[in-house]
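User: I have a structure open and want to learn how to read it. Can you take me through it feature by feature?

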Amino acid sequence: MIRITLVSFVLCLTITGLGFSQQISPTPDQIRALTSSWEGERFPDGRPKVPDDLLERLKGISMEEAWGILRNNGYNNQFENDWIILKEDEVLTGRAVTAQYMPFREDVNELVKEVGKKENRAQSGGTNSWPIDVLVDGDVYVADGYGKIVDGTLIGDNLGNAIYANSGNGVIFNGSVRDMAGLSKIDGFNAWIKGHDPSYIQEMMLTTINYPIRMGRATVLPGDAVLANKWGVIFIPAYLVADLVINAEFTALRDQFGHQRLREQKYTAGEIDSRWSDAIKEDFLNWLNDKQDLPMSREELDAYLKERNW
């Protein structure tokens, strides 16, 4: 009951604007309430700090594997596709910093700037630089630009360089960018966007940083782990990342073994595609023991196998 009350309180602040007059971003305690299932290390702003090694391993997980595990855990609204991708063959993972934009309204925008001044946010340039200023290494800037393309360009190549300098990563925008040629020259930077246009940002405004946002079909919380590749983007609650990675890696190993044995014609498709016999399980475990390029450590695999229900 306490957790529900706290989350409802934070969401109420976002929806009604009552808390907005006090802050652009939630307090660390409010972010902890939003992400209370996470029990690990956190950033000073309260966001979960998913370990770097898990984010690196996440790059090898397929969308289908991640999606299936999330669905099994009751998370049905974490995937979005139909992106324009700056560098299609690269994979991006990181921790979400969220930002929300809305159509421009003078009185609200003046309040945003007033609150930002009190919070010592940059006063030169536009408020679209504020989310960039809070990025740290490993972050992914995730912004809801409500799908605006013309005059909805959240960044160009100057801000793209600033994003990469702060995070070493890229962006996911339900919106657009400009200067695609310049952005493509930033080594290591990548972008998943809904469009691009030569226009400058106009008639839109930043409203919040690190509140829950909607990205098409998905709901995103600050600190969610992001997995983005040519097949789409998925946002993973921080507390599920470790289990998702090990389960997906094991599933991939099972598939690799099954495909190999089918090519060798050792088993029939029906035998591999149904509940495995004890003989196939034993064969698979021996195959695992001989395999030298496991995605996880031997200790992790042994611990996982002890708990696994075949």
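Analyst: Start with the surface. This is a predicted model. The accessible surface of the protein is about 15400 Å², and carbon and sulfur atoms hold 49% of that.

User: What percentage of the 310 residues is buried?

Analyst: A residue is buried when its relative accessible area is under 20%. Here, buried residues make up 49% of the 310.

User: How many helices and strands does the protein have?

Analyst: There are 12 helices and 13 strands. The radius of gyration is 22 Å, close to the 19 Å from the globule rule for 310 residues, so the protein is as compact as a globular protein of that length. Along the principal axes, the C-alpha atoms fill a box of roughly 70 × 50 × 30 Å.

User: Where does pLDDT stay under 50?

Analyst: Where pLDDT is low, the predicted coordinates should not be read in detail. In this model that stretch is residues 1–21, with 26 contacts beyond four places in sequence. Over the protein, the mean pLDDT is 92, and 93% of residues reach 70 or more.

User: What is the phi of Asp82?

Analyst: Asp82 has a positive phi, about 60°, though it is not a glycine. Asp82 sits in the loop between β1 (79–80) and β2 (84–85). Exposed means over 50% relative accessibility. Asp82 has 65%, so it counts as exposed.

User: Which loop holds Asp179?

Analyst: The loop between β6 (176–177) and α8 (180–184). Asp179 also has a positive phi of about 60° without being a glycine. At 30% relative accessibility, Asp179 counts as partly exposed.

Technical notes. Residues are numbered from 1 along each chain as its sequence is written. This is a predicted model: local features need pLDDT of at least 70, side-chain atom pairs count only at pLDDT 80 or more; totals for chains, interfaces and linings use all residues. Side-chain values use heavy atoms; hydrogens and water are left out. Helices (H or I, at least four residues) and strands (E, at least two) are DSSP runs, numbered from the N terminus. The radius of gyration is taken over C-alpha atoms; the globule rule is 2.2 Å times the number of residues to the power 0.38. Buried means under 20% relative accessible area, exposed over 50%, partly exposed in between (1.4 Å probe, protein chains only). Accessible areas come from the Shrake-Rupley method with a 1.4 Å probe; for residues, only the protein chains shown count as cover. pLDDT is the predictor's confidence in each residue, from 0 to 100. Contact means heavy atoms within 4.5 Å.
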